[in-house]
Each structure stands twice: as structure tokens, then as C-alpha cells.
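Me: Please take a close look at one strand and its surroundings in this model. I would like one connected account.

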Amino acid sequence: MRRILCLGSTGFLGAHVAGQLRALPGVRVLGAGRSTPVSPPALPSDSPPALVDGLPIDLTTISVDALTEALRALGPHAVVNCVGSVGNSPLRLAEVNTRGPAVLCEALRRAAPTARLVHLGSAGEYGATAPGRSIDESAPTRPPGAYGATKLAGTLIVAQSALDATVLRVFNPIGPGSPGASLPGRFVAELRRVLPEGAEGVIRVGDLSAYRDYVDVRDVARAAVLAAMAPGPLPRILNIAGGGATPVRAIADGLVAASGFRGRVEESGAGSHRSAAVSWQRADISAAAAALGWRPQFSLAQSLADLWNEGAPVAVPPRAPSGVTAGVTAAP
């Protein structure tokens, strides 16, 4: 039985990764999420690893010693780290995105040095790029803010470790379970709020002019599973994306179409600083195809339809997004 520890298994990305891992024969998934830090007494050394799940591991607070003892008790063959923070204070971003990978790498070095580590990075590490250019893994990293900087620090810690490790640089994940803090999640919440108003409903958003490379969360999870199960060494960094530059406005258009919303989407603000700082991104995903045999399978339309349908309050026949006005959404 191959034991795989999935950190952040209750989050947006982690839940999908853990779900796909659990569907594999011969794999025991050890799910762990943020709660009370694990200490050695909570994981006695004689506990059968196959019986341990739902572990309360918080990489922002757990000590290296405590995590080392937990890993020794679990004996994972691979670890997938889906833990990350997007919109908190700089201190919290540093605790989650930088301290977490550092503690994990040190504990793995002590307790399970041969285990495969798959760490989820972010396209935010690249920063601004010239329109029309596809970003490969050798592109310069110039994050414009604390989020990208802290994610980049975590990536460097993992990539420069002596572990059998790879970083999946995830671009803009979308699909079922998209959190409320993300653009798709916020837009869905607004649609559900105003949908009963029919043609009188109005959704006001920010600037939608940026271009992003969207990838379905289920495709991200499949890449993580392939990386965790791959028999040989992998490149230190792999882009995981849809491979195309899509206007952010397509998110609004697609969700309007999926919901059948008959009202208006109006531009009422300049949008986020992140959109202004990084107006265009597209990934080169050829390295992931070569190393993992991975290609995205879900279209943006399918991702948006599945996001809407997972909790739509009323059945409204889909229609063309003619009510969407030009311009308008915050960056994801």
C-alpha cells in the first residue's frame, strides 16, 4: 500500500487532489488540514499509518520536531503540499507560503528523506510578462507583491532542497468549489443574489480587461496525482495551466451563460491592483506534457458550468451572454 500525505486536504485544491488520490487502487491517502498542531502524543509511534487520517497539521505553527515525529509515524511514500494563502496580511502570507514549505522540507529531510514531495506553487511568482509571450519555467520571476514574493520563496526552498521534490506552478485554477474570495466564487455569489430580480438585476464589478491562463481544478489535481505517483525524478518546476490567454471577462460571460442571468453586468471600478500589475499571462505547458504526460482536459465553459451547477438555486435555461457590458472584473 502506497501512503500519500495530502496537506491542505480540506481546501479548494487539496480536496480535489485528495479525492483523486483516494480513487487510485493501492493508495492510502493521509489527509491533513489546519487545526491544532500535531504533537508526538497525538500520533503514537505504534499507530498503524493506514489508520491515521484527518490529521490536524498546521504548517504555520507546528515545530520541525513535532512534524518530524508525525512524519516518522506516518511513513509517507509521497507528500503533496496544497497549503497556501492568497489574500491575507503579509505576515500571514509569509507564515503560510514561506515558513510552511521550509518546515516541511526540514522535517521530511529528517524523517522521510526518500519521499516524493509535490508542492503547489503559483503563477504569481512570475509577475508581469509581455503580451503575446508564453511563459516557460525558465522565465524571470518578478512578483509584484507580497503574495507572489512569499510563494516564490516557498518554491525556491523546495526546488533547492536535497529532497526528491517538484513544484507545480499553478496558474488560475477554476471549477467546482472555487472559493468565495476568488473572482469566479464572488461572481457566482453575486449571480445567486440578483438572479431572482430577472432583467432588473445588476452586478457591478471591476476591470475585466486583464488576460489570464485558466486551468480546471480537476486538471490541477490530476497533475499533482501524476507527479506524486511518477516513478522517476521530475523537473524541479513545472507549469500547470490551460495553455491559453483568456480575457477575464470570459469568466463573467461564461457564468452568465451558465446561469441564464437576464440582467446587466456593469463596470463600476478600476479593478484590483493585481490586474493592473499583471495584465497578461499565458503558460507554456510543454514541460508538464513531457514529464507527466499531462494535458488539460476541461474547457473553460465546462469549468464554469460545473461551478455554477454545483449549487444553482433555480433552474434557468442557459442563454447567450448578451447582457454583459464591456470591460469589468477583478483579477482572480
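This is a predicted model: local features need pLDDT of at least 70, side-chain atom pairs count only at pLDDT 80 or more; totals for chains, interfaces and linings use all residues.

Reply: Leaving aside neighbours within four places in sequence, arginine 116 is in contact with His77, Ala78, Val79, Asp164, Ala227, Ala228, Ala230, Gly232, Pro233 and Leu234. Arginine 116 lies in strand S5. Its relative accessibility is 3%, so arginine 116 counts as buried, the limit for that class being under 20%.

Strand S5 belongs to an open sheet of seven strands, ordered S3-S2-S1-S4-S5-S6-S11, with parallel pairing. The edge strands of this sheet are S3 (55-56) and S11 (237-240), each of which pairs on one side only. In the order of the sheet, S5 stands between S4 and S6. S5 and S6 run parallel and are joined by seven bridges. Across this pairing, histidine 119 is opposite valine 167 in S6.

Tyrosine 126 sits in the loop between strand S5 (116-122) and helix H4 (146-159), while phenylalanine 171 sits in the loop between strand S6 (164-170) and strand S7 (172-174). The two residues are 45 apart in the chain, and the pair links distant parts of it. Both tyrosine 126 and phenylalanine 171 are buried.

Definitions and conventions. Residues are numbered from 1 along each chain as its sequence is written. Side-chain values use heavy atoms; hydrogens and water are left out. Helices (H or I, at least four residues) and strands (E, at least two) are DSSP runs, numbered from the N terminus. Buried means under 20% relative accessible area, exposed over 50%, partly exposed in between (1.4 Å probe, protein chains only). Contact means heavy atoms within 4.5 Å. Two strands pair if DSSP finds at least two bridges between them.
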